[in-house]
Amino acid sequence: MKKSIELSPNIETLFGTRDENLHVLEDGLNINIDLRSDHIELEGAPRDVARAEQLFADYEHLRRTGYQFVNGDLGSMLRVLVADPNATLRGLAEAGRQRSFGRRTVQPKSPNQRRYLEAIEQHDMVFGIGPAGTGKTYLAVAMAISALLNKQVNRIILARPAVEAGERLGFLPGTLQEKIDPYLRPLYDALFDMLDPERVERYLEKNIIEIAPIAFMRGRTLNDSFVILDEAQNTTSEQMKMFVTRLGFNSKAVITGDITQIDLPTARRSGLIEATEILKGVNGLTFVHFDESDVVRHHLVQRIIRAYDEHKVRLAEQQLSLLEPKPGAPLGMTSGATPANGSDAASRTAPLPAPQTEAAEKPHLQN
């Protein structure tokens, strides 16, 4: 099916740098887009062409109503749109505009980020699990600020385990708050990015926003609160159980972590990994998993994460190949393995050493 769309003024802003947005549409909708001097030709399956036509109409409507796409939001929306058959450009733009995130307009940049925001709205407890740079913490803080500004909750509590990432920082100087601040700095960064510094300081002074290590959560019941546990992969089993049982009335909890970057001692099991196994069937909470396609940092980060994943797969394959039996080896023996009764069998089959003579025992005398 072919469809011709007339070019409207400023429509070229939809195309993106070097027509990258058009390439996203062609690949995602499986259509061909041909730019002519006064119109655009769409060719593909009727349903796909109709979706592309609707997209151009939505973009023209948003442009005429004064909507501004900033910080690559348009490209992100197009990726969400091609991945979700029920999504429309107008719906994504207006849904993002309805949310109040302080001084920031936060737009989900991938289908998983969109599912993450929807899960936080619909569930009282959400686990966001995935690699670094996928927006797990940033989006959770944005939703917490939105809930606070809309008076859905009375306070925000941000918690993090105080675990060094491989270093040993020793006894830091200063007060207790100054000692733990380095561990909690990423949470401060997200807050100051979305709210005016004066407002953040005021909220911190009045304990409307509280930032503390997870150890400070023990014994508390958190009512009318939006609670975020960041870097949850570094919690122990006891800490995780303690945290998820703190939830009080009219509260939400978001637990974020990256199970590929665990800094606990090797003898301790991550509480986040254990929680995914124990709580996966509990009604009222949900898990959202991210991957490298959701990374919103520098494009190099995606390739780095992919390289680490591929390296992990190669190591697993090498270990598996070492366990596979060699051709011609006795049944039950693997490469590099010895018989189950190796020492006894060897003593029975190996020839006995010849008895040494008296001459052989004494050193030969030389004149």
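This is a predicted model: local features need pLDDT of at least 70, side-chain atom pairs count only at pLDDT 80 or more; totals for chains, interfaces and linings use all residues.
In what order do the six strands of the open sheet with parallel pairing lie? Reading across, the order is β6-β5-β7-β8-β4-β9.

**The whole protein**

Let's start with the overall picture. The chain has 367 residues, and 38% of them count as buried. Its secondary structure consists of 13 helices and nine strands. The protein exposes about 21,900 Å², with carbon and sulfur atoms supplying 51% of that area. Contacts across the sequence are worth a look too: among those with a separation of 6 or more, 71% join residues 24 or more positions apart.

At its edges you will find β6 (209–213) and β9 (285–289), each of which pairs on one side only. From one strand to the next, the twist averages 15°. Strand β5, made of residues 155–160, pairs with β6 in the parallel sense over five bridges. To see this pairing in the model, look for A159, whose bridge partner in β6 is A212.

Helix α6 (residues 136–149) packs on it, touching β4 (125–129), β5, β7 (225–229) and β8 (252–257). The direction of α6 makes about 170° with that of β7. Helix α10 (residues 271–278) lies across β4, β8 and β9, and it runs at about 125° to β4.

**The three-stranded sheet**

There is also an open sheet of three strands, in the order β1-β3-β2, and here the pairing is antiparallel. The edge strands, pairing on one side only, are β1 (2–6) and β2 (32–35). The twist in this sheet averages 20° from one strand to the next. Strand β3 (residues 39–43) runs antiparallel to β2, and four bridges join them.

| α6 (residues 136–149) | β4, β5, β7, β8 | about 170° with β7 |

**A closer look at I208**

Where does I208 sit? You will find I208 in the loop between α8 (197–205) and β6. I208 counts as partly exposed because its relative accessibility is 21%, while a buried residue would have under 20%. Leaving aside residues up to four places away in sequence, I208 touches L148, N154, R155, I156 and Y203. R155 shows how the fold brings residues together: I208 and R155 are 53 residues apart in sequence, yet their C-alpha atoms are 4.6 Å apart in space.

**A nonpolar patch on the surface**

Our last stop is on the outside. Which residues form a nonpolar patch on the surface? They are L300, I304 and Y308, and together they have about 320 Å² of accessible area. L300 has its place in helix α11, which covers residues 299–323. L300 is classed as partly exposed because its relative accessible area is 39%, a value between the cut-offs of 20% for buried and 50% for exposed.

Notes
Residues are numbered from 1 along each chain as its sequence is written. Side-chain values use heavy atoms; hydrogens and water are left out. Patches are made of residues with over 30% relative accessible area and no salt bridge: like charges are joined within 9 Å, nonpolar side chains (Val, Leu, Ile, Met, Phe, Trp, Tyr) within 5 Å. Accessible areas come from the Shrake-Rupley method with a 1.4 Å probe; for residues, only the protein chains shown count as cover. A salt bridge is a side-chain nitrogen of Lys or Arg within 4 Å of a carboxyl oxygen of Asp or Glu. Helices (H or I, at least four residues) and strands (E, at least two) are DSSP runs, numbered from the N terminus. Buried means under 20% relative accessible area, exposed over 50%, partly exposed in between (1.4 Å probe, protein chains only). Two strands pair if DSSP finds at least two bridges between them. Axes are lines fitted to C-alpha atoms, for helices over the stretch in contact, and angles run from 0 to 180 degrees between N-to-C directions. Contact means heavy atoms within 4.5 Å.
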